[in-house]
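Subject: Structure for your files

Hello,

Please find the structure below. My notes on it follow.

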Amino acid sequence: MPRLHMIGSPFQISVWNILLKIPYGDTTTYGKIAAELAKERGLTRMSAQTVGGAVGHNEISIIVPCHRVVGTNGSLTGYAGGIDKKTALLKLEGAYKNEFFVPKHSTAP
């Protein structure tokens, strides 16, 4: 892994550091990341949408693997490179699951 100099708010960087820990061939959800951050910060809960906002500002998405984050219900959403690219990357890694789907109203192109 090359040394990274991520530029963002402390919150964004904390989210991106979690993304770096998602193993190749695995996925997690925005909700799980939110729960992890809430626990680290001593909060009862944190918004998955807030996490999604930070994930969406990741400018080095092929190195910081935001394509490995899916909705709690299996929705493939929130990938700036496009849902088709997110799907292709998940399939390439063997992380794509049959229950994944593209929502009718996605936040991604």
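Among contacts (heavy atoms within 4.5 Å) between residues at least 6 apart in sequence, 61% join residues at least 24 apart. This is a predicted model, in which local features need pLDDT of at least 70 and side-chain atom pairs count only at pLDDT 80 or more, while totals for chains, interfaces and linings use all residues. Residues are numbered from 1 along each chain as its sequence is written, and side-chain values use heavy atoms, leaving out hydrogens and water.

The chain has 4 helices and 2 strands (DSSP runs, H or I of at least four residues and E of at least two, numbered from the N terminus), in the order α-β-α-α-β-α. Its radius of gyration is 13 Å, close to the 13 Å from the globule rule for 109 residues, so the chain is as compact as a globular protein of that length (C-alpha atoms; 2.2 Å times the number of residues to the power 0.38). Of the 109 residues, 42% count as buried (buried is under 20% relative accessible area, exposed over 50%, partly exposed in between; 1.4 Å probe, protein chains only).

Helix α4 (residues 83–93) buries Ile83, Lys86, Thr87, Leu89, Leu90 and Glu93. These residues cover an arc of only 165° around the axis, which puts them on the same side of α4 (the arc is that of directions from the helix axis to the C-beta atoms). Their cover includes α2 (30–40) and β2 (69–70). The face turned away carries the exposed residues Asp84, Lys91 and Leu92. Just after α4, Gly94 has a positive phi of about 75°.

Ile62 lies in the loop between α3 (48–56) and β2, and counts as exposed at 61% relative accessibility.

Regards
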